[in-house]
Amino acid sequence: MSSSPPIKDGTVKRKRAKYILNIDKLPGLPEAEKAKLKEVAKKFAFRTNDYYVSLIDWKDPNDPIRRLVIPDERELNDWGILDASNEESITVEKGVQHKYGTTVLLLVNEVCGAYCRYCFRKRLFMNDNDEVTYDISSGLEYIRNHPEVTNVLLTGGDPMILQTPKLEKIFASLREIDHLKIIRIGSKMPAFNPFRFTNDSGLMELFKKYSTPEKRIYMMCHYDHPRELTPESREAIAMLIESGVICVNQNPIIRGISDDPEVMAELWNELSYMGVPQYYVFQGRPTEGNEPFEVPIVEAYQKIEKAKKKCSGLSKRLKYAMSHESGKIEIIGVDERHIYLKYHRAKNPRDEQRMIVCHRDDKAYWLDQLKPIHGYHNDYYEQNGDTDHFGDIRQRVN
Ligand code: SF4
C-alpha cells in the first residue's frame, strides 16, 4: 500500500511533509490577504505543511481545510479567554494534569503537525508559555504514587511530532508502572502528516512492542472533515491498526468545518468503515480567538442528532460533551424549554453522573451562560476559596 513510486536506482523516495511557518509561503493566498493575516499570526501562531495545504481548494474562500489552518481576521475579535477550562487549576506538576481519578495527562510537546485555528490550547504555542515539559520524570513519579491512575493521555501539542527514540523512552518508562494499563496518544498527525507513520517502520515496531493484548495503546485521532481521509491518511491508520493500536476519533464541532450534518455523518461513517469509531464530539470551548469557530449548544445538538440518523450504531456511539472546568458534561437532550446535561466525568466526585437541567437558551455556547433549574453546583469555587473563573467567561462571551 505504498504511496511512493520507486525512483531510478530502485530505491523508494518517500514522500515527506514540509512545514510552512510563513504566510508568504502560501501561493494560493492573495497578496492583499497575506498582510492582514500576518497580523493575526503575530498573536496566534501559524504553522502548516505542504501536504495539508495541498488539500485546500483555494477557489473556495470558505473551504473547510483552509478554515482549519489559515488564519481568520476575526480571531482578533475581543472574545473568550485563553484557558477556558482552567487547566491551570488541575496542573499538579509542570506538564502534568490530573482531573479525573483514573486518568493523568502528560503534556509532552508544544508543537503540532499544523496549528488548528480553533485550538483550545493555543496558549501553549505562544512565546511566554511554559506549561509543557519534555522531561516526564516528575509525571512518572506522580503516576507511580497514584495507584488509582490506570490511563495516561500523552498530549500537548502533538506527541507524534516527537522522534521515535524519544517515544520509545516514554513508552518503556510508562510500561514499568504496573497499575498503568492504557497509554493514550492524542494526535492529529494521521490527518496533518500521515507520512510520520507511513515512513517509519521503526515506529510501527514500537507500537507492536508496547501495545500488547493486556495493555493497549490507543490513538485518539483527530479528524474534522472527510476530506482529510486521503489514501495516505487511510494507509497510516491501517498501519496503526495492524500494529495493535486501537484507534478512535474525537473532534470539536466547528463552524464552517464540522457543523454540517451531511459532513459529520460522512466523516463518522467513513471512519467506522476504517475501524476508527467516533468517541467524542466536543462543544467548542470559549477560547480567546475562537469566536468565528463557535456553534451554540442547541444548534450543535440538533445538527449532531440529525447526522446520527444517517449512521449505523457503530458510528453513533459518540458522546457530545463539553470539557467544562467542573467536568466532562454530556449534552443529552434539548426540548422546547430545557437543555438536559449529565456529568460524564466530574472534577468533584459528588458531581459524578449528576444530571443538570437548564432553561433552553439558543444563543449559549457554554454551561456558564445557561440558567440551571437544578443539578448544578455553582458553589464549587466559593467552597475552594477560588475566584469566580466562570464570571470571566460570562463577561467575555455574552
Ligand atoms: S492538533 Fe490539537 S493541540 Fe494541535 S493545534 Fe490542533 S487542536 Fe490544538
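Which residue stands opposite His338 in S14? That would be His359. This is a predicted model, where local features need pLDDT of at least 70, side-chain atom pairs count only at pLDDT 80 or more, and totals for chains, interfaces and linings use all residues. Residues are numbered from 1 along each chain as its sequence is written. Helices (H or I, at least four residues) and strands (E, at least two) are DSSP runs, numbered from the N terminus.

**Strand pairing**
- S12 (residues 327–334) runs antiparallel to S13 (residues 338–346), with seven bridges in the pairing; two strands pair if DSSP finds at least two bridges between them.
- A hairpin of three residues links S12 to S13, and Val334 faces Ile339 of S13.
- S13 also pairs with S14 (residues 355–359), again in the antiparallel sense, over five bridges.

**Around the ligand**
- The shell is made up of Cys112, Tyr115, Cys116, Cys119, Arg121, Gly157, Asp158, Lys188 and His222, each counted as near because its C-beta atom, placed from the backbone, lies within 6 Å of the ligand.
- Sorted by class, that shell has four nonpolar, two polar and three charged residues (Ala, Val, Leu, Ile, Met, Phe, Trp, Tyr, Cys and Pro count as nonpolar, Asp, Glu, Lys and Arg as charged, and the others, Gly among them, as polar).
- Gly157 sits in the loop between S6 (151–156) and H5, and a cis peptide bond with omega of about 25 degrees ties Gly157 to Gly156.

**Helix packing**
- H5 (residues 164–175) and H8 (residues 201–210) pack at about 5 degrees, axes 10 Å apart; axes are lines fitted to C-alpha atoms, for helices over the stretch in contact, and angles run from 0 to 180 degrees between N-to-C directions.
- H5 and H8 are therefore roughly parallel (angles under 35 degrees).
- Thr164, Leu167, Glu168, Phe171 and Arg175 of H5 meet Gly202, Leu203, Leu206 and Tyr210 of H8, contact being C-beta atoms, placed from the backbone, within 7 Å.

**Backbone and burial**
- Most residues other than glycine have a negative phi.
- Asn86, in the loop between H3 (64–69) and S3 (91–93), has a positive phi of about 50 degrees.
- Gln353, in the loop between S13 and S14, has a positive phi near 65 degrees.
- Burial goes by other C-beta atoms, placed from the backbone, within 10 Å: 20 or more is buried, 12 or fewer exposed, in between partly exposed.
- Asn86 is partly exposed because it has 19, Gln353 is exposed because it has 9, and Lys308 is buried because it has 21.

Methods: Angles under 35 degrees count as roughly parallel, over 145 as roughly antiparallel, 65 to 115 as roughly perpendicular and the rest as oblique. Two residues are in contact if their C-beta atoms, placed from the backbone, lie within 7 Å.
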